[in-house]
Amino acid sequence: MTEDHGIYGAPSNPREAFGRALRDARRQRQAGRLSQSDLGRLSRTSKSTISRIEGGVPPISSHLPELFDQIFETDGQFKRLYEEVVNQSFPAVFRRRMALERQATAIWEWSPTIIPGLFQTPEYARALFRSGYPRATEGEITNYVRTRLTRQELLRNDAPPDVRLVVCQSVIQRRIISRDAMREQLAVLITQGGRPTTRVQVLPLDAEPHILMDGPITFLTAPNHVSVACVEAFRTANIHEDPEPVRTAMRAYDDLTGEALSSRESAEFIRKQMEKL
């Protein structure tokens, strides 16, 4: 047993499992064994990157698993292993939510406090992590940010989910980073809101009271059309699956979208806020 692996040499975490699977596929390829340099060339990366991945050293670029599956004809094996790597990078309490998010066909979010992770820029995410984890090292903060940004890959898929986002007006007006960085963050909201599968709306401060005003909530709808509601608080996450309460909350969300500015009005509101910065 080596110090890099668990008992009897078995990989002790998903990253090591990915690395071992890649090494085995490279060495046992039916069409002929590949060197790390060969695989680097075929996957449009470098020998050092392949060596690092096989050694379990992060990160793994998100486009590589699909390329590895194509090269080794492994029918999605590396994609599945990569999903485990991503899932493991989240705190345990959030892992199920992240797994559900990656499989969702629809994601509806309401946030009265911050811009949600699926839409955050690196600087915005870094500021939140610095305030939330004051004792974390710069390296740890960087890893947290990288993990959060990994979530956004699902928006760039060939078949992205239907995404709706409603944020409170105060979220747009609250500047937690520099003026230039906040303008960049708001620009991302406008860009994402212009995608055919994404709708971004702003809820005015004078909107009618609603049952969701207590805190953020995310609805995730699976391919089988079953929806769950995820409610997060201070470093905790609860997933509500009872159909009736979830339906009630989703009806409230529909009412919320009716109270919010339209997509066009929301984009204009965000642009005006950018001009004020």
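Tutor: The protein's mean pLDDT is 89, with 93% of residues at 70 or more; pLDDT is the predictor's confidence in each residue, from 0 to 100. This is a predicted model, where local features need pLDDT of at least 70 and side-chain atom pairs count only at 80 or more, while totals for chains, interfaces and linings use all residues. Numbering starts from 1 along each chain as its sequence is written, and side-chain values use heavy atoms, leaving out hydrogens and water.

Student: Which element has the lowest mean pLDDT, and which the highest?

Tutor: Helix H5 (residues 77–88) is lowest at 80, and strand S3 (residues 198–203) is highest at 98. Both labels come from DSSP runs: helices are H or I with at least four residues, strands are E with at least two, numbered from the N terminus.

Student: Why is Gln-169 called buried?

Tutor: Buried means under 20% relative accessible area (exposed is over 50%, partly exposed in between; 1.4 Å probe, protein chains only). Gln-169 has 15% relative accessibility, so it counts as buried.

Student: What does Gln-169 touch, leaving out residues up to four places away in sequence?

Tutor: Val-202, Leu-203, Pro-204, Leu-205 and Phe-269; contact means heavy atoms within 4.5 Å.

Student: What makes strand S4 and strand S5 a pair?

Tutor: Pairing takes at least two DSSP bridges between two strands. S4 (residues 217–221) and S5 (residues 227–233) are joined by four and run antiparallel, so they pair by that definition. In S5, Cys-230 is the bridge partner of Thr-218.
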